[in-house]
Amino acid sequence: MPVPLIFGHRGASGAFPENTMIAFEEARNAGAAGIELDVQLTKDGQAVVIHDETLQRTTNGTGEVQDFTLAQLKKLDAGSWFATTYSQERIPSLEEVLQWMNRDGNNLRLNIELKNDIIPYDGLEEKVLALIAAYDAEERIILSSFNPDSLKRVRMLNPTIEIGYLIAGVPDLAVETAIRIGADAIHCQTEYALSRYAGKAGQAGLPLRIYTVNRPDVLMRLSEAGVDTVMTDEPGLLKGVPVHHTIRKLF
Ligand code: G3P
Ligand code: CA
């Protein structure tokens, strides 16, 4: 049975400040096959890597990302909230991450989550696709979003880039929606992957990528279920898990 790919969720965010370059580099050091990150749009139209629409949880700033330019955001400390030793970490631009991916020896895949389900950033899809094209990175990228209209727009703009439709919980019509918008995969939580809909997704040719799995026993259960990818805050921990065991009742 194939072993699921391990992606670092917001990088190796269990041990390093999420969505920073050190978290991405440490996910790579831990042996992850890819990383997941989140993008929002700045006041001057730059795609930046930060999970929340607001700054206060993961930086020393306050207010909304969309109200600041990239240059202003670059002055913020994006690491001390996690531990003072990371005070030099900054909010990465998406371009910086793509440059890092193009360095020698880096063959990670990259799942870019378009964070446009709360603020529907005008032009986010075009800007992200243009950056991906500029760095010739399409074959290593998966674009995902909880916003199906945004993914439909991505598909209209680019017929070939890989798209993952993001869902939470166990919605009845996820497979139908994924097909309608031209998605290639469903990004879901463990309960969906273990629900009756997993077989339906498989029959539709839609692999499942699971977020966020930090328990080795759950990884083993998902591996038995045949999922494609597992996103975890702890890529080092899960890389060591033997997944070919017979599972009885784990949870
Ligand atoms: O992309 C999967 C997962 O990251 C979605 O949830 O809140 O961690 O961005 P969240
Ligand atoms: Ca995310």
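Buried means under 20% relative accessible area. The exercises below use this cut-off on a predicted model.

**Exercise 1. Strand β9**

Task: Determine which residues of strand β9 (residues 229-232) point one way and which the other way, and whether they are buried or exposed.

Solution. 
- Step 1. In a regular strand, side chains alternate between the two faces of the sheet.
- Step 2. On one side of β9 are Thr 229 and Met 231. Val 230 and Thr 232 point the other way.
- Step 3. All of these residues are buried.

**Exercise 2. Partners of β9**

Task: Find which strand runs parallel to β9 with 4 bridges, and which pairs with β9 over 2 bridges. Then identify the residues that have Val 230 as bridge partner.

Solution. 
- Step 1. Strand β1 (residues 5-9) is parallel to β9 and joined to it by 4 bridges. Within this pairing, Ile 6 has Val 230 as its bridge partner.
- Step 2. Strand β8 (residues 208-210) also pairs with β9 in the parallel sense, over 2 bridges. Here Ile 210 has Val 230 as its bridge partner.
- Step 3. A right-handed β-α-β unit is formed by β8, helix α9 (residues 216-225) and β9.

**Exercise 3. A residue of helix α9**

Task: Locate Ser 223, classify it as buried or exposed, and state what separates its C-alpha atom from that of Pro 4.

Solution. 
- Step 1. Ser 223 belongs to helix α9.
- Step 2. Its relative accessibility is 1%, so Ser 223 counts as buried.
- Step 3. Ser 223 and Pro 4 are 219 residues apart along the chain, and their C-alpha atoms are separated by 6.0 Å.

**Exercise 4. Strand β4**

Task: Explain why β4 counts as largely enclosed by the rest of the structure, and list its pairings with β2 and β5.

Solution. 
- Step 1. Of the 6 residues of β4, 5 are buried, so the strand is largely enclosed by the rest of the structure.
- Step 2. β2 pairs with β4 in the parallel sense over 6 bridges. Arg 109 in β4 is the bridge partner of Gly 34.
- Step 3. Strand β5 (residues 141-145) pairs with β4 over 4 bridges, again in the parallel sense. In this pairing, Asn 111 stands opposite Ile 142 of β5.
- Step 4. From β4 the chain passes through helix α4 (residues 124-134) to β5, in a right-handed β-α-β crossover.

**Exercise 5. Ligand 1**

Task: List the residues that surround ligand 1, then give the distances from its oxygen atoms to the side chains of Glu 36, Glu 113 and Lys 115.

Solution. 
- Step 1. The surrounding residues are His 9, Arg 10, Glu 36, Asp 38, His 51, Glu 113, Lys 115, Phe 146, Leu 166 and Tyr 211.
- Step 2. From a polar side-chain atom of Glu 36 to an oxygen atom of ligand 1 is 2.8 Å. For Glu 113, the corresponding distance to an oxygen atom of the ligand is 3.0 Å.
- Step 3. An N or O atom in the Lys 115 side chain is 2.8 Å from an oxygen atom of ligand 1.
- Step 4. Ligand 1 taken alone exposes 290 Å², of which the protein buries 88%.

**Exercise 6. Backbone geometry in loops**

Task: Describe the peptide bond from Tyr 211 to Thr 212, and give the phi values of Arg 10 and Asn 19.

Solution. 
- Step 1. The bond from Tyr 211 to Thr 212 is cis, with omega near -20°. Thr 212 is part of the loop between β8 and α9.
- Step 2. Arg 10 is not a glycine, yet has a positive phi of about 55°. Its place is the loop between β1 and α1 (21-29). With a relative accessible area of 16%, Arg 10 is buried.
- Step 3. Asn 19, also not a glycine, has a positive phi of about 55°. Asn 19 lies in the loop between β1 and α1. Its relative accessibility is 2%, so Asn 19 counts as buried.

Conventions
Residues are numbered from 1 along each chain as its sequence is written. Chains are lettered from A and ligands numbered from 1 in the order in which they are written. This is a predicted model: local features need pLDDT of at least 70, side-chain atom pairs count only at pLDDT 80 or more; totals for chains, interfaces and linings use all residues. Side-chain values use heavy atoms; hydrogens and water are left out. Buried means under 20% relative accessible area, exposed over 50%, partly exposed in between (1.4 Å probe, protein chains only). Two strands pair if DSSP finds at least two bridges between them. A crossover is right-handed if, with the strands pointing away from the viewer, the path from the first strand over the helix to the second runs clockwise. A residue is near a molecule or strand if one of its heavy atoms lies within 4 Å of it. A polar contact is a pair of N or O atoms within 3.5 Å; within protein, one must be able to donate a hydrogen and the other to accept it, and residues adjacent in sequence count only if both atoms are side-chain atoms. Accessible areas come from the Shrake-Rupley method with a 1.4 Å probe; for residues, only the protein chains shown count as cover.
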